[in-house]
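Trainee: I would like to go through this structure with you. Could we begin with the pockets and then turn to the aromatic residues?
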Amino acid sequence: MNRPTRTIVIVGGGTAGWIAANRIASELPTDGQGACEVVLVESPDVPTIGVGEGTWPSMRATLQRIGVAEDEFLRTCDASFKQGTCFLGWSGDDGADLYYHPFSLPVEYTELNPARYWLAERPGTPFAELVTPQTRAMAAGRAPRQVGAPDYAFSVNYGYHLDAGKFAALLQRQAVRRFGVRHVVANVARIVTRTGGDIAALELDTGERLPGDLFVDCTGQRALLIGDHYGQRLACCRDTLFNDRAIVVQVPYASPEDPIASATRATATSAGWIWDIGLGTRRGLGHVHSSAHLDEDDARATLKDYVRRTAPEIDADGLPYRTIAFEPGYRKEPWVRNCVAVGLSAGFVEPLEASALALVEQATAIIGQQFPRDRRIMDVVARRFNARMGYHWERVVEFLKLHYAVGKRDGRYWRDHRAADSCPEGLREKLTLWEQQPPWHDDAPRVDELFPSASYQYVLYGMGFRPRHTDAGTAPYDTGRRRADEVFHDVRANADRMARLLPTNRQLLCAIARRAA
């Protein structure tokens with residue numbers, strides 16, 4: 001039967017579930033003949049990890065779309081401003097082993113490929129520093145806008161660092177109050193199917209029977225619907241991205257006036273890396289590593305040493321450390337019949353470059369914008385959804401692998417990462433091409449790319465990659481050389497201005513807190 005889609009049942013809360021509830025409900029009619037209902041059923045027995053999480057700039061549009069005031073979000077979620085990532089110790093160079101991946105594109109990037117001119121004439125200057133003033137702003141701990149700027153305005157592009165548990169609570173309130181999402185607290189006891197294989201209803205441990213037309217699986221790594229019920233297996237990425245463990249800890253600031261970093265700090269270790277996320281009242285740290293290359297005791301000791309180096313006033317041994325295991329991979333068919341997986345149930349790879357929430361935003365935007373009004377249309381939407389999300393997952397895996405595939409860092413873990421047989425074919429082709437020409441628009445051609453070609457440039461050249469050829473002296477090169485020099489000069493001037501005039505992250509967040517008093 002070609003049933004109309006009237007009831008959307010989201011299974012699982014947390015950040016993914018409540019983003020899905022808000023994003024989908026914001027697109028649907030709530031009254032009249034085509035009215036739809038969104039129900040979210042959440043287990044009372046699944047705790048939130050809550051280690052501190054990073055987002056992309058796309059989160060600003062998501063929050064605006066669902067009607068969340070930025071000041072409220074920042075105060076409620078212990079959030080801070082993130083302008084990119086600072087990588088320490090990744091390249092293995094003897095000199096200064098630090099580079100930035102900023103959120104802002106290089107200046108005039110649409111028409112000018114700055115890497116051509118940097119490679120030929122200025123490779124001694126860090127690439128990101130030469131092409132965008134945001135690099136200096138991040139290094140100086142500056143905020144992305146002035147104190148008096150309105151919500152979501154900015155001088156340089158930005159996302160957020162946030163407390164995932166508090167964020168989920170804010171999203172829950174927004175979904176229930178603004179969009180009328182029904183919140184049910186219960187465990188799923190049984191899945192009832194229709195003839196043909198669609199899910200008809202969920203039977204809960206409270207005795208309630210919850211019927212639906214579209215079911216969204218946000219049950220995390222349990223993958224209760226897409227995995228346990230429909231048997232969709234993960235396409236494992238362990239041969240490409242080795243990391244499968246994270247030891248996490250929350251570290252308080254020694255003083256309420258301690259600076260808040262404007263970027264995620266990602267520090268390379270012997271068999272992984274440590275994330276360091278600065279929130280308003282604490283830092284969230286995690287040592288992501290490969291259990292095949294490092295045992296848990298050594299991984300924990302490495303994280304403790306990092307805490308001692310970066311927070312000598314804090315008793316590193318007295319903090320609560322937790323281990324999170326994960327299987328790196330994703331489901332090639334996250335939408336099966338009338339069930340679609342979003343978030344960890346659809347897949348997860350290491351949190352390098354904060355792709356997890358960005359994929360949730362992508363998935364829920366597609367569901368909301370192409371919402372299938374009946375069962376026949378659902379099959380078409382599902383095929384398109386699977387194709388788009390498959391493309392995104394492949395690009396995520398390639399881009400994360402780029403951080404390991406070039407560079408000179410020693411040790412078995414890093415050498416194994418540089419082995420050709422661990423590198424996806426698409427990335428191997430790109431690296432071959434980049435021997436003669438820098439990445440640009442053809443390397444990330446789609447309008448919905450998660451990573452623009454500029455991101456490849458920031459990482460590639462930050463890691464120390466240098467091509468075999470440059471096109472200095474050719475006619476096309478000479479045409480843009482003068483404009484490139486002008487852009488580089490303007491970037492330096494704007495960087496000086498921003499470092500001098502923008503407030504620090506801490507100053508802007510304090511000003512926002514005072515506005516609520």
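Mentor: Helix α10 gives six residues to the lining of the second largest pocket, the largest share. Please keep in mind that this is a predicted model.

Trainee: Which other elements give two or more residues to the lining of that second largest pocket?
Mentor: Besides α10 (355-369), they are α2 (58-65), β5, β6 and α14 (453-462).

Trainee: How many residues line the second largest pocket, and which lie nearest its centre?
Mentor: The lining has 34 residues, and W56, S58, Q362, E449 and L450 are those nearest the centre. The space in this second largest pocket is about 730 Å³.

Trainee: How do the residues of that lining divide into nonpolar, polar and charged?
Mentor: In the lining of the second largest pocket, 15 are nonpolar, 10 are polar and nine are charged.

Trainee: Now the aromatics. How many aromatic pairs does the structure hold?
Mentor: There are 27 aromatic pairs in the structure. One of them is formed by W90 and W273, with ring centres 6.3 Å apart.

Trainee: Why is the pair of W90 and W273 called tilted?
Mentor: Their planes stand at 50 degrees. An angle under 30 degrees would count as stacked and one over 60 as edge-to-face, so the rest, this pair included, are tilted.

Trainee: Is W90 buried or exposed?
Mentor: W90 has a relative accessible area of 1%, so this residue is buried. W273 is buried as well, at 2% relative accessibility.

Trainee: And what about F242 and Y413: what are the distance of their ring centres and the angle of their planes?
Mentor: The centres are 6.3 Å apart and the planes are at 80 degrees, so F242 and Y413 form an edge-to-face pair. F242 sits in the loop between β13 (235-236) and β14 (245-252) and Y413 in helix α12 (residues 412-418), so the pair ties together parts that are 171 residues apart in sequence. Both F242 and Y413 are buried.

Trainee: Which residues form one aromatic cluster?
Mentor: The cluster consists of F87, W90, Y99, F242, W273, W275, Y404, Y413 and W414. The two pairs we discussed, W90 with W273 and F242 with Y413, have their residues in this cluster.

Trainee: Which arginine lies over the face of Y158?
Mentor: That is R60, at 4.6 Å from the ring centre of Y158. Likewise, R395 lies over the face of Y391, at 4.6 Å from the ring centre.

Trainee: Changing topic, where does T219 lie?
Mentor: T219 is in the loop between β12 (214-217) and α8 (224-229). With a relative accessible area of 6%, T219 is buried.

Trainee: What does the side chain of T219 reach at 2.8 Å?
Mentor: It reaches the backbone nitrogen of L224. The side chain of T219 also makes a polar contact of 2.5 Å with that of D217.

Trainee: Finally, helix α15. Is A484 buried or exposed?
Mentor: A484, in helix α15 (residues 475-501), is buried at 0% relative accessibility. R483, also found in α15, is partly exposed, with a relative accessible area of 31%.

Note on methods: Residues numbered from 1 in each chain as written. Predicted model: local features only at pLDDT ≥ 70, side-chain atom pairs only at ≥ 80, totals over all residues. Heavy atoms only, no water. Phe/Tyr/Trp six-rings, centres within 6.5 Å; stacked < 30°, edge-to-face > 60°. Buried < 20%, exposed > 50% of the residue type's maximum accessible area, 1.4 Å probe, protein only. Helix = DSSP H or I, 4+ residues; strand = E, 2+ residues; numbered from the N terminus. Lys NZ or Arg CZ within 6 Å of the ring centre and 35° of its normal. 1 Å grid on protein atoms, 1.4 Å probe; cavity = no way out; pocket = protein on both sides within 12 Å on 5 of 7 lines; lining within 4 Å. Points joined across faces, edges and corners; volume = space filled by probe spheres on them. Nonpolar A, V, L, I, M, F, W, Y, C, P; charged D, E, K, R; others polar. Polar contact = N/O pair within 3.5 Å; in protein donor to acceptor, adjacent residues only side chain to side chain.
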